[in-house]
Amino acid sequence: AHAADLCDQAMQSAAQGSLAATVPAGWLDHLRVKMLYFRADAHARKAMDCLANSQYGEEVARLQAAHECCGQIAEVVAADQRWAKQLRPAVAEMARAQAELVGSNRRRAEHDNDVIYLDPVPSAAALAEIVPYQMARPEVPEMVENPGKFLGGDELGPPLFRGLVPFVIHQAASLYEDRKDQLVAKELVAALDELTADCESVLNSLNLPHSLEAIQKPVGLPPSILVGADEIRSEGGFIGIKRLMDSALAANAAGAALLAAAEQALDAEAAEDQRVRHGAAADSMRARRVESAELTVAFRAEAAKYRDVLARARESDATIKAQVDTWAQFFSVLGSPRDEIERQVPQTTSNPITDPHHSQIVARLQQFMGEIAAMRRERQRSVDKLRRVAAEDDITPSLNEEMQRLAAQSATPILQFELHQFEDLFAQHLDRYMTWRTYIDEERLAQGELLDSVREANQAFIVARSSHPLLQQREKALTNLESAIKRYREASFNLHDGSRFYASLEAELAKLRRGCEDFAMARHLDALELMG
């Protein structure tokens, strides 16, 4: 009886109030069947008590009430199976089994009472109400009723959203990261890289350190030239670069041929279109045929675009070819064996500068070059440290503290944070990088003074070596080889890049040619049909 009451309360709650629009209709039928089932079961069990207490008339009345509930269940199940079909088969089978049992017991009780006991059968309204027996009392666990008391303990653990921060904090952190990257990468690191590039440019203009290497190593070749020569030999030397050059020129010619074939197909189709129209009546299908020029606008525009691409590529190839031809002799030398390269460079058996005063000049220049090398190494370490500091700079904790401070100062519990409220915090964090500006200024001043000393020492070095023609010849030869290695690397990179470019371009031009030829063939068949 208590289960039936609970199902009835659930059905009433689902059919009325705010839940009425959200609870599916099938749930209501299910709850109604459950309520009637438990009510019939309560009457049937009460009938068993009546039989045990020799209350035969009430037994019959209880079974009749249970039979009526089973009949109502049968009506709900029949309607559901005819229309909605939302009740599970197990529920229908449960109701059918209960109806059979109740019906069997009702027929037995009525027969026994009519034949043997002759006990008056009370009406359904006269039956005493079955008192529900509450087997379990619902109690809300304290952990559910007051969950905050258990947060942070073993029962519920730490709050799930303790680390959740407002979206404005993420926006502010992202904005700070952008400004920090702008300051570090675009200003500080860029300024240091510019100083290094300026230093390299000045040393190249003074032909350093190549002029010193000619004295430090009067025989043999400097390591930089040996490494460059090995690299050039591995790529085939002058023959290898020439093969790449010829391949680029051939690829350009092949692309031009594909483009010419595409345009030739369009021109042939246009000429055939004119022949189809020639002599045709004004109202004929031949005269009303769409003109070729109107249909080939896209093809012509694409062909013009690729013509410009090929022209620019030819200009680039011509520039690279001129560079290769200019340095061909040096490329051939660098592609030779090491002993052959050494024979091409003037050699001296010992240091040609033997004058003590001149030796002091060379030593002084070497000292300055060593200081420049040390300065550049230290600068690179500083750049790495700056990047490491920037990567570890996380402003999020400070943003959370600032947000809590602003919340504590607010007079209303409804808070709305804006990005401009964190500008002071941004400035405070970015001020930490201002010491790097001072470091850059100091580096610029120190480098300028050191380069001035290098220029002065190099001028004295030039005077000292002017009386040694062989030394000057060796220095010039080494400089030319160094320059040739750079030119070879540039040409090799450009030609390999051009090879990838031409491969992609050839595929696009082949696609254009197929499109033009397919279009021309389709128009040709159409022309044959019109001409009969």
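**Entry 1: α2 and α4.** I looked up the pair α2 (residues 25–52) and α4 (residues 89–117) and found that their axes come within 11 Å and cross at roughly 25°. I took axes as lines fitted to C-alpha atoms, for helices over the stretch in contact, with angles from 0 to 180 degrees between N-to-C directions. Helices are DSSP runs of H or I with at least four residues, and strands are runs of E with at least two, numbered from the N terminus.

The model is predicted: local features need pLDDT of at least 70 and side-chain atom pairs pLDDT 80 or more, while totals for chains, interfaces and linings use all residues. Residues are numbered from 1 along each chain as its sequence is written, and side-chain values use heavy atoms, without hydrogens and water.

I therefore recorded α2 and α4 as roughly parallel (angles under 35 degrees).

**Entry 2: residues in contact.** I listed His30, Val33, Lys34, Tyr37, Ala40, Asp41 and Leu51 on the α2 side, meeting Val91, Met94, Gln98 and Arg108 of α4 (contact: heavy atoms within 4.5 Å).

**Entry 3: whole chain.** I noted 19 helices and zero strands. The radius of gyration, taken over C-alpha atoms, is 49 Å, well over the 24 Å from the globule rule for 532 residues, so the chain is more spread out than a compact globule. That rule is 2.2 Å times the number of residues to the power 0.38. Along the principal axes, the C-alpha atoms fill a box of roughly 150 × 90 × 50 Å.

I also noted that, among contacts between residues at least 6 apart in sequence, 83% join residues at least 24 apart.

Methods:
Parallel < 35°, antiparallel > 145°, perpendicular 65-115°, else oblique.
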